[in-house]
Amino acid sequence: MGENIILKDFSVSFQTSQGEVKAVRGVNTVFESGKVTGMIGESGSGKSVLGLGILKLLAANARISGQCYYGDEEISAYTEKQMTSFRGLKIGLIPQNPAESLDPVIRIKKQLIEAVTTHDRSRKKEAEDRYCLLMKRFGFKDPESIGRKYSFQLSGGMNQRIISVLGLMCSPGWMLADEPTKGLDAILRKQVYGVLREVLKRDTESMIVITHDIILARRLCDNILVLYQGEVLEQGSAELVLESPLHPYTTGLIASLPSHGMVPIPFPMAERSGRPGCVFYPRCPYGTERCGSEKPCDYTVPDGRKVRCFRYAQS
């Protein structure tokens with residue numbers, strides 16, 4: 001069994017000309033080795049910032065507080081040199097934006113091979129073999145022909161699959177996939193579902209998936225974290241969270257899916273502006289005076305889930 005990723009009071013803020021922006025607030029969770037954990041939530045909920053914060057791949061104005069452990073190692077205390085050696089080997093990344101992740105002036109194959117040889121130059125032959133294997137798994141029948149091309153010569157869907165291969169080149173124990181099906185049509189999404197399942201069996205032990213794709217979360221994930229304005233409002237097994245949601249926000253997310261009637265959550269998400277209380281209070285159909293003035297903690301319910309809502313305070 002591999003190492004768990006453990007977050008303790010993990011927060012991320014950004015220093016801007018308008019002041020401090022708190023993007024992730026006091027997250028406490030364990031990403032279990034050997035399992036797939038999905039992070040879901042509306043745009044701007046902090047999913048990608050949390051994921052990239054684990055790998056310390058944020059902008060220079062980001063400030064991280066709290067701790068992130070990989071097993072017994074506090075990787076949040078690593079220097080950039082240590083993180084450079086750690087990324088790719090221990091935790092791989094499938095980034096969200098292919099256009100920003102692939103170098104337009106370097107051929108595809110060279111970029112993917114360098115993902116391995118940067119860590120160990122002696123592994124070039126192994127890297128070439130793995131390149132061919134993974135490219136074929138991701139639907140490229142002629143890896144050598146694709147490898148001679150540049151990213152701007154390929155479609156968005158093809159580049160999305162290329163960066164998926166890139167994240168897997170070093171056979172990391174963990175994979176962080178940031179919106180792996182974004183921009184893909186139904187056929188390619190189905191193909192990526194299958195490939196990610198195969199990757200879990202053959203190439204990596206554990207995965208964190210950041211996604212808007214609830215179908216992907218249902219098919220792939222063992223556990224789910226639901227984020228809203230940088231806070232985890234519900235966490236637990238994927239089956240329980242997605243089929244029997246407890247937090248009003250999770251219920252709203254599920255109800256807004258086309259298959260559930262596409263009922264929107266009332267009122268748009270707004271900035272907190274220093275307001276106390278529950279972050280979801282302005283949109284919550286069950287909000288009370290206490291919710292508006294006092295911040296709920298994580299309450300554990302009998303089925304093992306944690307829910308940040310006063311409705312479960314006596315559970």
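Rings of Phe, Tyr and Trp (its six-membered ring) pair if their centres lie within 6.5 Å; planes under 30 degrees apart count as stacked, over 60 as edge-to-face and the rest as tilted. With that in hand, I looked up Tyr-70, Tyr-78 and Phe-86, and they form one aromatic cluster.

A note on what I'm working with: this is a predicted model, where local features need pLDDT of at least 70, side-chain atom pairs count only at pLDDT 80 or more, and totals for chains, interfaces and linings use all residues. Residues are numbered from 1 along each chain as its sequence is written, and side-chain values use heavy atoms, with hydrogens and water left out.

Next I searched the whole structure and got seven aromatic pairs. One of them is Tyr-150 with Phe-152, a stacked pair at 5.6 Å centre to centre and 5° between the planes.

How open are these two? I use buried for under 20% relative accessible area, exposed for over 50% and partly exposed in between (1.4 Å probe, protein chains only). Tyr-150 is partly exposed at 21%, and Phe-152 is exposed at 59%.

Then I checked Tyr-249 and Phe-280: their ring centres are 5.3 Å apart with the planes at 55°, so I log the pair as tilted.

Last, charges over rings, meaning NZ of Lys or CZ of Arg within 6 Å of the ring centre and within 35 degrees of the ring normal. Arg-161 sits over the face of Phe-140, 4.6 Å from the ring centre. I also found Arg-311 over the face of Tyr-286, at 3.9 Å from the ring centre.
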